Amino acid sequence: MSRSRLRTALLPLTASLVFAGCAAAGGSTPPGSSPADSTPAGSAASGASASPQTDRSASPSPAATPTGPSAVLDQGPLVLTPVTMVQNDRPNKNLVKPKCAQPGITIGPTAMSPAGTPKNTAWPADRLVKPGTNHAAIAQGYAYPAKQVFAWMNHKAPQPKKKIAFLTFDDGPNGVTTPQIMRILRDEKVPATFFVVARQIGEFNATLVQQQIAEGHSIAIHSYGHHYRYLYPGGAGSPENVSCDIDWAVAAVQSAVGKQFATTAYRYPGGHQSWKRMGPTDAMLAKRGMSYIDWNSMDGDADSSVPHSTTQDMIANVQRTARGYGADKDNVLVVLMHDYHPNPLTTNALPAIIKDLRKRGYSFGVIS
């Protein structure tokens, strides 16, 4: 798979900040993302227009609200040698192809490790995808609709009373980095939202996505093929192409976890602010009951212009970019990271990033 490229964007009301885009080889890389009491997942999300690009009331349900997966599972994929690269040209046998033509793709071979590929597991019912959502029943207490998260990030709703961090990972899954990150999250008992490039699921990563659901994470859409020129011809959003791409992405996830999967969370490849004339495409998302989620903090794993030679650098990037977006004054933090291969920057720093967020009073949620 292609690792993200770099972009520089000007953040409103602040000095210039460097933003990392989730780009893939083959597409042009424009400059350009968003910031935001708590309603857990369950209500539908409507599309809305968010704020600048860089991936940007109520309280959780009365039931107990854990801060992460409640159980440590032993069936998890282990990391990870030897690494081989496989071409994802073998769709899952359960894939029901949408009516529109297959979208353009720029995703190449995916990193796999035979030792890291999870086995098919007969998960209990509460660890299967909850019908109409993108997570298992065990995640219901800390899952929040994309519409609510979007409203928080963009100050269209009062901030929740508690501080909530959403760890988000773009550009997976693959059979090497994704299991590494899942192992860390399991050890820390913290959930995350995986914004998948669904073309990469295929028959190779289907059980990996099933396990993400079973371990208390959520699966959101980051496109089917991450193809800039297809999604944004001439640099402008194409409602028809983005909609078709989402159809294929959802079908690919459903082929792995079941037709009961649905999500209201979408992250534009490259981030919303990177592209022109996005109004019609945003309206299409809203009609589908979806909201786009950018980010208001990032660890800089796709940005070579910021320091990241040490774990402390990565922690500082999360804090610095949150200040740049003004998110340090809010209670909602959406942190952009990546699970492309290889990504030792994030896999090495993630435990310390989680520790720092906990120290600063954050609990953890997933985006539904």
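Is Cys244 buried or exposed, and what is its relative accessible area? Cys244 is buried, with a relative accessible area of 7%, where buried means under 20% relative accessible area, exposed over 50% and partly exposed in between (1.4 Å probe, protein chains only). The model shown in these views is predicted, so local features need pLDDT of at least 70 and side-chain atom pairs count only at pLDDT 80 or more, whereas totals for chains, interfaces and linings use all residues. Residues are numbered from 1 along each chain as its sequence is written, and side-chain values use heavy atoms, with hydrogens and water left out.

**View A. The disulfide between Cys100 and Cys244.** The structure holds one disulfide, a term used here for a pair of cysteine sulfur atoms within 2.5 Å. The bond joins Cys100 to Cys244 with an S to S distance of 2.1 Å, and the angle of 95 degrees about the S-S bond makes the link right-handed. The two cysteines come from distant parts of the chain, 144 residues apart, with Cys100 in the loop between strand 3 (84–86) and strand 4 (110–112) and Cys244 in helix 5 (residues 239–257). Helices (H or I, at least four residues) and strands (E, at least two) are DSSP runs, numbered from the N terminus. Cys100 has 24% relative accessibility and therefore counts as partly exposed, while Cys244, at 7%, is buried.

View B. Strand 11, helix 7 (residues 311–325) and strand 12 together make a right-handed β-α-β unit; a crossover is called right-handed if, with the strands pointing away from the viewer, the path from the first strand over the helix to the second runs clockwise.

**View C. Strand 6 (residues 164–170) and its partner strands.** Strand 6 runs parallel to strand 12 and is joined to it by seven bridges; Ala165 stands opposite Leu333, and Phe169 has Met337 as its bridge partner in strand 12. Strand 6 is also mostly covered, since seven of its seven residues are buried, with Ile164, Phe166, Thr168 and Asp170 on one side and Ala165, Leu167 and Phe169 on the other. Strand 13 (residues 363–364) pairs with strand 6 in the parallel sense over two bridges, and Phe364 of strand 13 stands opposite Ala165. Three bridges join strand 6 to strand 7 (residues 193–196), again with the strands running parallel, and Phe194 is the bridge partner of Phe169 in strand 7. The chain passes from strand 6 through helix 2 (residues 177–188) to strand 7 in a right-handed β-α-β crossover.

View D. Although Pro160 and Asp330 are 170 residues apart in sequence, their C-alpha atoms are 8.8 Å apart in space.

**View E. Salt bridges, including that of Glu188 with Arg358.** Side chains of opposite charge can pair when their charged atoms come close. The structure holds six salt bridges, each defined as a side-chain nitrogen of Lys or Arg within 4 Å of a carboxyl oxygen of Asp or Glu. In the bridge of Glu188 with Arg358, the closest N and O atoms are 3.3 Å apart, and the pair links distant parts of the chain, with Glu188 in helix 2 and Arg358 in helix 8 (residues 344–359), 170 residues apart. Glu188, at 24% relative accessibility, counts as partly exposed, and so does Arg358, at 35%. Arg288 and Asp247 meet in a salt bridge of 2.9 Å, N to O, which connects the loop between helix 6 (279–287) and strand 10 (291–292), where Arg288 lies, to Asp247 in helix 5, 41 residues apart. Arg288 is partly exposed at 31% relative accessibility, as is Asp247 at 28%. Arg360 forms a further salt bridge with Asp356, the closest N and O atoms being 3.0 Å apart; Arg360 is partly exposed at 28% relative accessibility, whereas Asp356 is buried, with a relative accessible area of 14%.

Notes: Two strands pair if DSSP finds at least two bridges between them.
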